[in-house]
Amino acid sequence: MGEGDNMPLDIFITFFKIGSFTIGGGYAMLPVIQKEIVESKKWLSDKEFLDSIAVTNSLPGPLAINCATFVGYRIAGFAGAISAAFGAVLPSFIIILAIALFFTSIQENPVVKYIFEGIRPAVTALIAYALIKLIRSMGVNIVNMSISLAVLLLILLLNFHPAVTIVICGSLGFFFFRKEEKA
Amino acid sequence: MIALIKLFLTFLKVGAFSFGGGYAVLSLIQKEVIEGNGWISAKDFIDIVAIAEMTPGPIAVNSSTYVGYKVGSLAGSAVATFGVVLAPITISLLVSVYYNKFKHLEQVTWIIRGIRPAVLGLIAAACIKIGKASIADIRGALIALLAFAGVYKLKLNPIIVILISGALGVILYGIM
């Protein structure tokens with residue numbers, strides 16, 4: 001790992017590139033990061049990269065940003081982490097800013113309205129599909145499903161704040177699964 | 001100035017609790033941005049999710065930039081985006097520094113095992129709320145069913161599904 005003076009700049013450019021081409025967010029970004037960081041630049045080994053994902057996956061925030069920060073730190077310390085995170089965020093910031101400018105001016109156009117009347121129900125379908133995939137990958141059992149259902153009801157019926165349900169379930173997990181491991 | 005501080009703190013909160021990535025952040029944004037502050041309407045928010053689906057970058061970042069722009073123009077979008085990534089970046093940095101200690105913390109595993117199913121509940125709640133706001137009549141229900149069949153059965157790319165649904169919107173709402 002050669003650490004030249006322009007290392008943070010190189011990291012920034014690499015993650016800017018990664019951030020520019022990963023449509024769909026999250027997991028779509030991982031193969032691209034792997035190709036750039038492990039295969040092209042050889043900044044990390046395959047194993048180190050997989051470790052990074054395993055760790056950052058459990059932290060709050062977008063996976064891509066967390067992964068960029070973590071990988072950036074391992075390549076070039078604090079400056080590397082900040083360059084990587086900034087590089088990964090910047091493309092979507094610029095693109096959405098451009099869209100926000102443009103979209104507000106065409107939003108009232110009747111054809112645009114019809115297009116979005118059609119797109120909105122599709123968004124519901126995409127989220128429902130993602131939900132099914134997540135349920136499958138998590139594994140269906142009574143404990144998991146009861147927690148999911150309880151959170152759903154707390155939000156919809158009792159108007160709980162999502163952050164509160166996260167704190168409750170994290171604490172429950174801490175006590176419940178600790179006992180399970182000791183038993 | 002006060003609006004910008006409020007924007008920053010709101011998205012700081014959204015970022016700090018957005019476990020599980022992607023769609024998990026939707027219900028946090030619904031609660032804070034739509035129900036709490038009324039910065040954008042439920043329909044505007046669904047449009048942002050659709051746009052996020054077709055553009056690079058995480059949904060959390062995309063929506064913070066968009067909402068920030070609506071509330072406070074360029075400064076607003078910068079403040080909101082910085083707010084949403086600040087906690088994740090700080091926490092990732094701390095974990096990077098103390099990686100060897102963190103790696104062996106089984107407490108983290110226990111907490112995550114509790115949070116993971118909760119995230120599913122959050123996404124389900126977001127899906128139901130978005131469904132209520134987006135499926136207004138039989139035409140909407142038809143598009144939702146077709147879109148679901150498209151991704152589930154035909155394994156179509158979500159972007160293709162969104163484009164087709166937009167065309168269906170023009171046909172069903174504009175022409176018929």
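Biologist: Is the crossing of α3(A) and α4(A) left-handed or right-handed?

Modeller: Please keep in mind that this is a predicted model. The crossing of these two helices, α3(A) and α4(A), is right-handed.

Biologist: At what angle do α3(A) and α4(A) pack, and how far apart are their axes?

Modeller: In general, two packed helices are described by the angle between their axes and the distance between the axes. For α3(A) and α4(A) the angle is about 130°, and the axes are 9 Å apart. The two helices, α3(A) and α4(A), are therefore oblique to each other.

Biologist: Which residues of α3(A) meet which residues of α4(A)?

Modeller: From α3(A) come Glu48(A), Ser52(A), Ile53(A), Val55(A) and Thr56(A), and these meet Leu63(A), Asn66(A), Cys67(A), Phe70(A), Val71(A) and Arg74(A) in α4(A). By class, the contact of α3(A) with α4(A) comprises six nonpolar, three polar and two charged residues.

Biologist: How does α2(A) pack with α3(A), in terms of angle and distance between axes?

Modeller: Helix α2(A), residues 29-40, packs with α3(A) at an angle of about 145°, and their axes lie 11 Å apart. The crossing in which α2(A) passes α3(A) is right-handed. On the α2(A) side the contact is made by Leu30(A), Gln34(A), Ile37(A) and Val38(A), and on the α3(A) side by Asp46(A), Phe49(A) and Ile53(A). Sorted by class, the residues of the contact of α2(A) with α3(A) are five nonpolar, one polar and one charged.

Biologist: What span does α5(A) reach from its first C-alpha to its last, and what is expected?

Modeller: Helix α5(A) has 29 residues and reaches 43 Å, close to the 42 Å expected at 1.5 Å a residue. Just after α5(A) comes Gly139(A), with a positive phi of about 95°.

Biologist: Let us turn to the contact between the chains. How many residues does each chain bring to the contact?

Modeller: In general, the size of an interface is often given as the accessible area lost when the parts come together. Here I can describe the contact by residues: chain A brings 78 and chain B brings 86. On the side of chain A that touches chain B, at least two residues each are supplied by α1 (7-20), α3 (46-56), α4 (63-106), α5 (110-138), α6 (142-156) and α7 (162-182) of chain A. Helix α5(A) gives the most to that side, with 22 residues. By class, the side of chain A that touches chain B has 54 nonpolar, 20 polar and four charged residues.

Biologist: How many helices and strands does chain B have?

Modeller: Chain B has eight helices and zero strands. The C-alpha trace of chain B spans about 60 × 40 × 25 Å along its principal axes.

Biologist: Which domains does the assignment give for chain B?

Modeller: The assignment gives domain 1 (2-134) and domain 2 (135-176) of chain B. The C-alpha centres of these domains of chain B lie 26 Å apart. Their contact takes five residues from domain 1 of chain B and five residues from domain 2 of chain B. On the domain 1 side, the elements that give two or more residues are α3 (42-54) and α6 (106-134) of chain B. Helix α3(B) gives the most to that side, with three residues. That side of domain 1 of chain B has two nonpolar, two polar and one charged residues.

Biologist: At what angle do α7 and α8 of chain B pack?

Modeller: Helix α7(B), residues 138-152, and helix α8(B), residues 158-175, pack at an angle of about 155°, with axes 10 Å apart. That angle makes α7(B) roughly antiparallel to α8(B). The crossing of α7(B) past α8(B) is right-handed. Contact residues of α7(B) are Arg139(B), Ile143(B), Ala147(B), Gly150(B) and Val151(B), and those of α8(B) are Pro158(B), Val161(B), Ser165(B), Leu168(B), Leu172(B) and Tyr173(B). By class, the residues of the contact of α7(B) with α8(B) are eight nonpolar, two polar and one charged.

Definitions and conventions
Residues are numbered from 1 along each chain as its sequence is written. Chains are lettered from A and ligands numbered from 1 in the order in which they are written. This is a predicted model: local features need pLDDT of at least 70, side-chain atom pairs count only at pLDDT 80 or more; totals for chains, interfaces and linings use all residues. Axes are lines fitted to C-alpha atoms, for helices over the stretch in contact, and angles run from 0 to 180 degrees between N-to-C directions. Helices (H or I, at least four residues) and strands (E, at least two) are DSSP runs, numbered from the N terminus. Angles under 35 degrees count as roughly parallel, over 145 as roughly antiparallel, 65 to 115 as roughly perpendicular and the rest as oblique. A crossing is left-handed if the near helix is turned anticlockwise from the far one by less than a right angle, and right-handed if clockwise. Two residues are in contact if their C-beta atoms, placed from the backbone, lie within 7 Å. Ala, Val, Leu, Ile, Met, Phe, Trp, Tyr, Cys and Pro count as nonpolar, Asp, Glu, Lys and Arg as charged, and the others, Gly among them, as polar. The expected span of a helix is 1.5 Å times one less than its number of residues. Domain bounds come from an automatic or database domain assignment.
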